[in-house]
Amino acid sequence: MATKENNTEPQKLLSKHELNQIWYRWGFTHLSSMSYEKLQGHAWAYSYLPFARKYYKNDPEKKRRLLERHSMFYNTEPQTGQIINGIVASLEEQIALGNDVSEEMPVNIKATLMGPLAGIGDSIIQGIIVPILLSIAMSLAKGGSPVGPLFYIIAYGIIGPTISYIAFHSGYKLGVGAIDTIVGENSKRITDAFNILGVMVVGALAANTIVLKTVAKIPLGGKSQPLQTVLDGIFPGLLPLAMVIFGWWLVSSKQMTATKVIIIMVVIVTIGCLIGLF
């Protein structure tokens, strides 16, 4: 009789502490255990262990199904992707409470949203936040100051988890209602807007941090004129822009790695310095 009472005892909603357990387990271990088969899937199962202990302590079969469906392949941008984790946490909570939500829905939500969130997240994190922080850090690091790298580590260490935390709890509160904003035309407009902003940020970063000048002189009007002065009169920053476009071409068209591109650029600049061009 006691067992029956335990099994029928009404379950409570996830507390803030329990929600934070799911958040920080995924937020800080999403890349800790990677495989070509699962990618970030292992961290999902790990993040839902406290959930399993709360709701399925006396039901090994449901616990097995929970961990099994969250051990599948998964890959998205980790910080903004926490919105998906929040939505899934709300769905799993409804399943555990016995409400009319199928066990396939969390899996379908993950499969549907991880692509759009990857596009939006990469545009925000890699296209805007990281370049801005790096531009500030590089300015602070001039002259060999350690303040630059320390600034980047601390700033990103605060901003990244903050975005992750807000995204998770927003996803949990919104539930499946967040899907209308994330997928479809809304997603495309959001991604396009952030991509454009990201291109502007990267362009400004390149213009302000890349320094490449020529010391060559050319005959002009019967006199010798510095080539750099002529180029600045036509298009200020033309040489840095040319190197950026050249690097982009090597990566996009020739499918070269960043390491190979850096080596090629070092060789070009070295030869240019030796022959008196740069």
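**The cavity and the helices around it**

Author: In this predicted model, a search of the whole structure finds 1 cavity of 30 Å³ or more. The space in the largest cavity amounts to about 30 Å³. Its lining is formed by Leu-14, Glu-18, Gln-21, Ile-22, Pro-50, Phe-51 and Lys-54. Two elements give two or more residues to that lining, namely helix H2 (16-29) and helix H4 (49-55). By class, the lining residues of the cavity comprise 4 nonpolar, 1 polar and 2 charged.

H2 packs with helix H8 (residues 147-174) at an angle of about 130°, the two axes being 10 Å apart. H2 and H8 are therefore oblique to each other, and their crossing is right-handed. On the H2 side, the contact is made by Lys-16, Leu-19, Asn-20, Ile-22, Trp-23, Gly-27 and Phe-28. H8 contributes Pro-161, Ser-164, Tyr-165, Phe-168, His-169 and Tyr-172. Sorted by class, this contact of H2 with H8 holds 8 nonpolar, 4 polar and 1 charged residues. Ile-22 belongs to both descriptions: Ile-22 lines the largest cavity and takes part in the contact of H2 with H8.

The largest pocket holds about 710 Å³ of space. It is lined by 25 residues, and those closest to its centre are Ala-206, Ile-210, Pro-240, Met-243 and Val-244. Helix H10 (184-209), helix H11 (227-234), helix H12 (238-252) and helix H13 (258-274) each give two or more residues to the lining of this pocket. The lining of the pocket divides into 18 nonpolar, 5 polar and 2 charged residues.

H12 and H13 have axes 10 Å apart and meet at an angle of about 140°. That angle makes H12 oblique to H13, and the crossing of H12 and H13 is right-handed. In their contact, Met-243, Phe-246, Gly-247, Leu-250 and Val-251 of H12 meet Val-261, Ile-264, Met-265, Ile-268 and Val-269 of H13. The contact of H12 with H13 contains 9 nonpolar, 1 polar and no charged residues.

The axes of helix H6 (residues 82-96) and helix H7 (residues 104-140) come within 10 Å and cross at roughly 170°. An angle over 145 degrees counts as roughly antiparallel, and H6 and H7 are therefore roughly antiparallel to each other. Ile-84, Ile-87, Val-88, Leu-91, Glu-92 and Ile-95 in H6 face Met-105, Pro-106, Ile-109, Lys-110, Leu-113, Met-114 and Leu-117 in H7 across this contact. The classes represented in the contact of H6 with H7 are 11 nonpolar, no polar and 2 charged residues.

Ala-118 also belongs to helix H7. Apart from neighbours within four places in sequence, Ala-118 is in contact with Thr-76 and Glu-77. The C-alpha atoms of Ala-118 and Pro-78 are separated by 8.3 Å, although these residues stand 40 residues apart along the chain.

Key:
Residues numbered from 1 in each chain as written. Predicted model: local features only at pLDDT ≥ 70, side-chain atom pairs only at ≥ 80, totals over all residues. Heavy atoms only, no water. 1 Å grid on protein atoms, 1.4 Å probe; cavity = no way out; pocket = protein on both sides within 12 Å on 5 of 7 lines; lining within 4 Å. Points joined across faces, edges and corners; volume = space filled by probe spheres on them. Helix = DSSP H or I, 4+ residues; strand = E, 2+ residues; numbered from the N terminus. Nonpolar A, V, L, I, M, F, W, Y, C, P; charged D, E, K, R; others polar. Axes fitted to C-alpha atoms, helices over the stretch in contact; angles between N-to-C directions. Parallel < 35°, antiparallel > 145°, perpendicular 65-115°, else oblique. Left-handed = near helix turned anticlockwise from the far one by under 90°. Contact = heavy atoms within 4.5 Å.
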